[in-house]
Amino acid sequence: MSGNIQLLSDTLAGARAEGRSALIAYLPAGFPTVDGGIEAIKAAFEGGADVVEVGLPHSDPVLDGPVIQTADDIALRGGVKIADVMRTVKETYEATGKPVLVMTYWNPIDRYGVERFTAELAAAGGAGCILPDLPVQESALWREHAEKHGLATVFVVAPSSRDARLAEITAAGSGFVYAASLMGVTGTRESVGAQAQDLVERTRAAGAGAGLPVCVGLGVSNAEQAAEVAGFADGVIVGSAFVKRMLDAPDDKAGIEGVRALAGELAKGVRRQA
């Protein structure tokens, strides 16, 4: 079975045709429970997210801030496994028909087996994988299997990335490029800043031939920031703010409603484009 890279590309192109950025939400699998996580992702889509990234919880999430680390800890203590991540992708894709990616560090895939992981992700209806710590020069095996199974390979670029590296990443990647708006770990911030716009412009210039959409994450937490980023990026990625809504809620049901409401606010933001 082939994965849904085309659905991802069509969704991003559709947002562009509407003259707006896509809204991409992130939530970890297994948080607060596997079933609760599936309901939260459905709520994000219902609220207005175009794409969802499902996090594969990791015991040492070096790029994630305290909010996502807390959610990962809850999921891991609950016994979440890769099979649960695949189930989360499958059930949310089947319920919504919208693109669902997995965001994961490389080590779990390496241990699980690249062929097995890509085959199962494609069978679940997944659109691809975001691999923040896989160097592009060490990615040939992954890309071979991802391409075979119709999955996007999304690499992460940062403000520190040199132009030569940006060119290498845009040539090797597919789906979109994940532009980390600033140096540091994930988390909500007061402002997203000019660094992000500069990075988007440099990434587009470096990958002009590839034409990959450039989506910005790290720091966006409200409609105003979403509108700001939507003014220069093809997609706005929001993670910690969704997770915080869940963590701060008095119960799981209220948390899921909080996710739906935030997605609605952010969806209005990306259509406003400051």
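Predicted model: local features only at pLDDT ≥ 70, side-chain atom pairs only at ≥ 80, totals over all residues.

Mentor: Residues are numbered from 1 along each chain as its sequence is written, and side-chain values use heavy atoms, with hydrogens and water left out.

Trainee: Which strands are the edge strands of the open sheet of nine strands?

Mentor: Strands are DSSP runs of E of at least two residues, helices are runs of H or I of at least four, and both are numbered from the N terminus. Two strands pair if DSSP finds at least two bridges between them. The order is 5-4-3-2-1-9-8-7-6, with parallel pairing. Pairing on one side only marks the edge strands, strand 5 (152-154) and strand 6 (156-157).

Trainee: Which residue is the bridge partner of Ile24 in strand 9?

Mentor: Strand 1 (residues 22-28) runs parallel to strand 9 and is joined to it by four bridges. In strand 9, Ile24 has as its bridge partner Ile237.

Trainee: And which residue in strand 9 is the bridge partner of Val216?

Mentor: Strand 8 (residues 214-217) is also parallel to strand 9, with two bridges between them. Strand 8, helix 10 (residues 223-230) and strand 9 form a right-handed β-α-β unit (with the strands pointing away from the viewer, the path from the first strand over the helix to the second runs clockwise). The partner of Val216 in strand 9 is Val236.

Trainee: Are the residues on both faces of strand 9 buried or exposed?

Mentor: Buried means under 20% relative accessible area, exposed over 50% and partly exposed in between, with a 1.4 Å probe and protein chains only. On one side of strand 9 (residues 235-238) lie Gly235 and Ile237, on the other Val236 and Val238, and all are buried.

Trainee: Which residue in strand 3 stands opposite Val52?

Mentor: Strand 2 (residues 51-55) and strand 3 (residues 100-103) pair in the parallel sense over four bridges. Opposite Val52 stands Val100.

Trainee: How is helix 4 oriented relative to helix 6?

Mentor: The axes of helix 4 (residues 82-96) and helix 6 (residues 114-123) come within 9 Å and cross at roughly 30°. Axes are lines fitted to C-alpha atoms over the stretch in contact, and angles run from 0 to 180 degrees between N-to-C directions. Angles under 35 degrees count as roughly parallel, over 145 as roughly antiparallel, 65 to 115 as roughly perpendicular and the rest as oblique. Helix 4 is therefore, relative to helix 6, roughly parallel.
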